[in-house]
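Here are a few friendly notes on the packing in this model. Have a look at the structure first, then read on.

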Amino acid sequence: MQKKKCTAIVLAAGQGRRMGTKTQKQYLEIIGKPVLCYSLEVFQESEIIDEIILVVGKGQETYCKKEIVEKYQIQKVKKIVTGGEERYHSVWNGLKEVSKDGYVFIHDGARPFIDQEMIRRVYEEVVQHKACVAGMPVKGIAPFPVFISSSSLPDLYGTNQPPTL
């Protein structure tokens, strides 16, 4: 079976209000680079991902092109589009730029801990099942008041972990 085209939509339009900083979290530097760069570099290096659509906040298009895409040589970024008022608007704006064939990975650019193994596993699952959301087990919380009588009960709950495909 031939590999289908894979597009990564990387969302970087969030305001990060809960962070309480003047700089949005996707642009905060960690070890000398903006958080967003770490996600973009993983997609750039991936043999599975063919192109990246970067969704940024209104007025940040030029900054992202010059200070991130060009500065860090992220050649797979084919388009930089403006995000919307809410996350789902930003996803939609990115989806409108995707060709009709292939698979789409949707990733939050403020979450830098994606790796090649995660991309590979998500791709394999979507080929088999036609959709996939990477997830992590939830530890230390209950989604609603519950009396836990079994140590295996927390294994029933999980939380999604980008990328979503």
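Which residues have the most contacts inside the largest nonpolar core?

1. They are Leu40, Ile52, Leu54 and Phe105, in a core of 30 residues. A nonpolar core here is a set of buried Ala, Val, Leu, Ile, Met, Phe, Trp, Tyr and Cys residues joined through side-chain atoms within 4.5 Å; buried means under 20% relative accessible area, exposed over 50%, partly exposed in between (1.4 Å probe, protein chains only).

2. Please keep in mind that this is a predicted model, where local features need pLDDT of at least 70, side-chain atom pairs count only at pLDDT 80 or more, and totals for chains, interfaces and linings use all residues. Residues are numbered from 1 along each chain as its sequence is written, and side-chain values use heavy atoms, with hydrogens and water left out.

3. Beyond its neighbours within four places in sequence, Leu40 is in contact (heavy atoms within 4.5 Å) with Val10, Ile52, Leu54, Ile68, Ile74 and Val77. There is also a second, separate core of nine residues, with Ile9, Val81, Val98 and Val104 among them.

4. Searching the whole structure gives two aromatic pairs, meaning rings of Phe, Tyr and Trp (its six-membered ring) with centres within 6.5 Å; planes under 30 degrees apart count as stacked, over 60 as edge-to-face and the rest as tilted. Tyrosine 27 and tyrosine 63 are edge-to-face, because their ring centres are 5.5 Å apart and their planes at 85 degrees. Tyrosine 27 is buried at 9% relative accessibility, while tyrosine 63 is partly exposed at 38%.

5. The other pair, tyrosine 103 with tyrosine 123, is edge-to-face too, at 5.8 Å centre to centre and 75 degrees between the planes.
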